Amino acid sequence: MTPETRGRGPLAYGDAVLLVDRKKRRYLTALEQDGEFHTHAGVVPHAVLVGLDEGSTVRSGRGAAYTVVRPTLSEYILNMKRGAQVIYPKDLGPILMMADIFAGARVIESGIGSGALSMTLLRAGAIVTGYEIREDFAARAMKNVTAFHGNVEDRYTVRIGDIYEGIEERDVDRVLLDLPEPWNVVPHAEEALHPGGLFLAYTPSITQAVELRGRLEAAAFGMAETVEILNRGWHIEGRAVRPNHRMVAHTAFLTVARRMGDSVVPEPDANPAPQMQQPADEPVSEDTVDDGS
Ligand code: SAH
C-alpha cells in the first residue's frame, strides 16, 4: 500500500512508516516481508511493526524506544532520498494557493529535481508534465513519486530536456519553475499558457526575482507579485512558552504572474459626436457643481 492510498487500520506490509526516536530523530522505511530496521541502537524486525496501530512504541534489540506512524506528505518529503535540494513544505503549501492548483489542472513543471513539488501537485490532483535536464535526477524523482503515489503514469510525465529551449505543450493552465534562470522560460510560458493561466517561479535570490519581474512585465504577463514565506516554530513545554531559538530563516522568493489576453477593448469615446451628448436635463455630477466661489 503506498502512503497515498494507505489504509487507516493497523500497519501492513508495503506501508511506508516513520520511526521516531526519543531525541525526535526520524527514520523513513517501507515495511517488507523479512525486513529489518537497523540503527546504532539495534534492530527492529518489520514483523514486530506489522499489525500495530499508528502511534505505538516498540523497542529495538538494545532497548531503544521508537514510535511508529505512517508519514504525512510533508514528513515523507523531508525524510526521503534526495538528488537535488527539495522545496520545503513551508513553501510547497503556499505554492498550491498562489499558483491556484486544482484537480485536473494541466501543469508544466521544471526542473523536477527530487520530485518534492511534483508529489505535492499530484496530490492536489494536477496533471503534471515535467522538464528535467538531468536523467539521473528524473529517475530519482520518478522513484520518489511512485513510492508515495503508486502508479500515476496517467497524469505524470517527465521529459528529459532543457526547458530554456521551449515548451511543446499548448493551452496549459500553469507553469511552475524551480531552476536558476526562470526568465529564460518567460517567452515559452507566454506561448504555452492560455490567457488567465498562471506562472510561478521559486528563486533563492532576490536579484533573480527582480530580473524575472522585469522580463514578465516586458512580456504578456500582469498582476505579478513576489512574496517570501516565514515560518517560526514555538517551543511549548509547561510554562516555558517561547519561539524556537532556531528557524529556517530563508529558502526562496515566490513570484507569481498571470498570462494576460491580447485584446484591448477601446474606452468609450472621450469626445462623443454632438448627437451623442447627454440630454440637458441630466443631473450634473458633484465635481461640476458651481459652488459660487
Ligand atoms: N523543485 C524540485 C527541485 C528542483 S532542483 C523539488 O522540489 O524536488 C532544480 C532542478 O532543475 C535540477 O534537477 C536541475 O537539473 C534542473 N534544471 C536546471 N536547469 C534546467 C533546465 N534548463 N531545464 C530543465 N531542468 C533544469
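This is a predicted model: local features need pLDDT of at least 70, side-chain atom pairs count only at pLDDT 80 or more; totals for chains, interfaces and linings use all residues.

Let's begin with strand β7, residues 106-110. This strand is mostly covered, with 4 of its 5 residues buried. β7 has a partner in strand β8, residues 127-132. The two pair in the parallel sense, over 5 bridges.

Look for Leu 176, which sits opposite Leu 200 in β11. There is a helix to go with this pair too. β10, α6 and β11 form a right-handed β-α-β unit.

Next, the ligand. Which residues come closest to the ligand? Out of 24 residues surrounding the ligand, the closest are Glu 132, Phe 137, Asp 162, Ile 163 and Asp 178.

Look at the backbone contacts as well. A polar backbone atom of Gly 113 is 3.4 Å from a ligand oxygen. For Ala 116, a polar backbone atom is 3.1 Å from an oxygen atom of the ligand. For Leu 117, a backbone N or O atom lies 3.2 Å from a ligand oxygen. How much of the ligand is covered? Taken alone, the ligand exposes 590 Å², and the protein buries 90% of that.

Let me pick out Asp 178 from that list of closest residues. Asp 178 is placed in the loop between β10 and α6, residues 186-192. Is Asp 178 buried, partly exposed or exposed? Its relative accessible area is 27%, so Asp 178 counts as partly exposed. That figure uses the protein chains only as cover. Leaving out residues up to four places away in sequence, Asp 178 touches Ile 87, Ser 110, Gly 111 and Tyr 202. For a sense of distance, take Ala 139. Asp 178 and Ala 139 are 39 residues apart in sequence, and their C-alpha atoms are 18 Å apart.

The peptide bond from Ser 110 to Gly 111 is cis, with omega near -15 degrees. Gly 111 is in the loop between β7 and α4. Why point this out? Because most peptide bonds are trans, and most residues other than glycine have a negative phi.

Asp 100 is not a glycine, yet has a positive phi of about 50 degrees. You'll find Asp 100 in the loop between α3 and β7. At 44% relative accessibility, Asp 100 is partly exposed. The other is Asp 171, with a positive phi near 60 degrees. Asp 171 lies in the loop between β9, residues 156-160, and β10.

On to helix α3, residues 89-98. Which of its residues are buried? Lys 90, Asp 91, Leu 92, Ile 95 and Met 98. These buried residues pack against α2, α4, β10, β11, β12 and β15.

Last stop, Asn 231. This residue is found in the loop between β12, residues 221-228, and β13, residues 234-237. Asn 231 is partly exposed, at 43% relative accessible area. Beyond its sequence neighbours up to four places away, Asn 231 touches Lys 90 and Met 247. Lys 90 takes us back to the buried set of α3. Asp 91 belongs to that set too. The C-alpha atoms of Asn 231 and Asp 91 are separated by 9.4 Å, though the two are 140 residues apart along the chain.

That's the tour. Questions are welcome.

Key. Residues are numbered from 1 along each chain as its sequence is written. Side-chain values use heavy atoms; hydrogens and water are left out. Buried means under 20% relative accessible area, exposed over 50%, partly exposed in between (1.4 Å probe, protein chains only). Contact means heavy atoms within 4.5 Å. Two strands pair if DSSP finds at least two bridges between them. A residue is near a molecule or strand if one of its heavy atoms lies within 4 Å of it. A polar contact is a pair of N or O atoms within 3.5 Å; within protein, one must be able to donate a hydrogen and the other to accept it, and residues adjacent in sequence count only if both atoms are side-chain atoms. Accessible areas come from the Shrake-Rupley method with a 1.4 Å probe; for residues, only the protein chains shown count as cover. A crossover is right-handed if, with the strands pointing away from the viewer, the path from the first strand over the helix to the second runs clockwise.
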